[in-house]
Amino acid sequence: MKLQRMNRRALTLGALAVSGALALTACGSDDTGSSGDSSSSASATTAAGSIKCDDAKGQLLADGSSAQKNAIDAWVKNFTQACNGVQINYKGSGSGAGITAFTQGQVAFAGSDSALKPEEVTASKQVCSGGQGIDLPMVAGPIAVAFNVSGVDGLTLDAATIAKIFDGKITKWDDAAIKKLNPSAKLPDLKIQAFHRSDESGTTDNFTKYLIAAAPNDWKYSGGKAWQAKGGQAAQGSSGVAQGVKQTNGAIGYMELSYAKDGLKTVDIDTGASAPVKASSDGATKAVAAAQVVGTGSDLSLKLDYTTKADGAYPITLVTYEIVCDKGNKSASLPGTKAFLNYIASQEGQSILSGIDYAPMPDAIISKVRSTVASLS
């Protein structure tokens, strides 16, 4: 009998482990870079005992930015291991979908790679009783420009040249503008295949914000989540762009750094600093450190300097916000929301980001986020 009870207990624990894993992975998005393996190794760096669960329980629904999905997966794994009474379901359907779900009261919080627009703040007041939606910058990441050109191991480009390439104004790899920036490279007489996103994305929005700011004479488009330039090759999601570049000699494309692996090389950006800047987590954090908080009240939306010339600051950087009600959160989800946001804004939560190709928030910014999370009601 004792052996039978032990076997039943083992089967029960195994079933719980499997169901928990399915709950965390069921809503994964193809647009998130690497799989759960990277988040698993990163999450091991945080001790479950350091996470405060408070009164968190039940299920939290969330949706939004796919760019932060790998980070969310790592955070959720740590948090739910420590707080086993909570299940967090983050879909990662995209920034626009997340904001819509939030303003319709369908989720406890949303992720967005762009701050709330005035009309979205107005809409949020319908679900935030006595309050409104606010932007909390929680994670950053470099948008890498990856290339695949046989015989070229390193490449430096500036904003104007990147703009001309993606606008179809520079069409060959041995163009004089590229040669000038890479005098020692053996650039081939090869057609450039520029890949962009076919779907609306915060990655496109932030990439084109960089081009608008840093190359205004060469990028005449208004920007936004949808790609506007003519020509080039379109692919679904950052994973599709990365795959297209990897499979095509002469290709170039933009994507979150976590996708620029498995044989892809990334462009160093000539910003006017003392040396070209590589795409890296540290470089993204340095760029965000120079950002200005432009939100009012509890809102902490940022204005990035895409024209930075600071040494080591990588200018093509994306910031993802967690969007939540400052007041009027639903009583059933508030404890879990606060506990989870407290964890991901903590030193422990932020410390895992560099290991999975994201950038932690600078101390001056994340300290404000922590104070704001503590005041949520």
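The model is a predicted one, so local features need pLDDT of at least 70 and side-chain atom pairs count only at pLDDT 80 or more, while totals for chains, interfaces and linings use all residues. Residues are numbered from 1 along each chain as its sequence is written, and side-chain values use heavy atoms, with hydrogens and water left out.

Ser124 sits in helix α5 (residues 118-124); helices (H or I, at least four residues) and strands (E, at least two) are DSSP runs numbered from the N terminus. Leaving aside residues up to four places away in sequence, Ser124 touches Phe102, Thr103, Gln132 and Gly133, a contact being heavy atoms within 4.5 Å. Gln104 is 20 residues from Ser124 in sequence, with 7.8 Å between the C-alpha atoms. As for polar contacts (N or O atoms within 3.5 Å; within protein, one able to donate a hydrogen and the other to accept it, with residues adjacent in sequence counted only if both atoms are side-chain atoms), the Ser124 side chain reaches the backbone oxygen of Val121 at 2.6 Å and the backbone nitrogen of Gly133 at 2.8 Å.

Next, the strands, which pair if DSSP finds at least two bridges between them. Strand β1 (residues 58-64) runs parallel to β2 (residues 86-90), joined by five bridges, and pairs with β3 (residues 109-112), again in the parallel sense, over three bridges. Ala62 has Tyr90 as its bridge partner in β2 and stands opposite Phe109 in β3. With helix α3 (residues 69-82), β1 and β2 make a right-handed β-α-β unit: with the strands pointing away from the viewer, the path from the first strand over the helix to the second runs clockwise.

On the aromatic side, a search of the whole structure finds 11 pairs. One of them, Trp227 with Tyr254, is stacked, at 5.6 Å centre to centre and 25° between the planes. Trp227 lies in the loop between α8 (202-214) and β7 (233-235) and Tyr254 in strand β8 (residues 251-256), so the pair ties together parts 27 residues apart in sequence. Rings of Phe, Tyr and Trp (its six-membered ring) pair if their centres lie within 6.5 Å, and planes under 30 degrees apart count as stacked, over 60 as edge-to-face and the rest as tilted.
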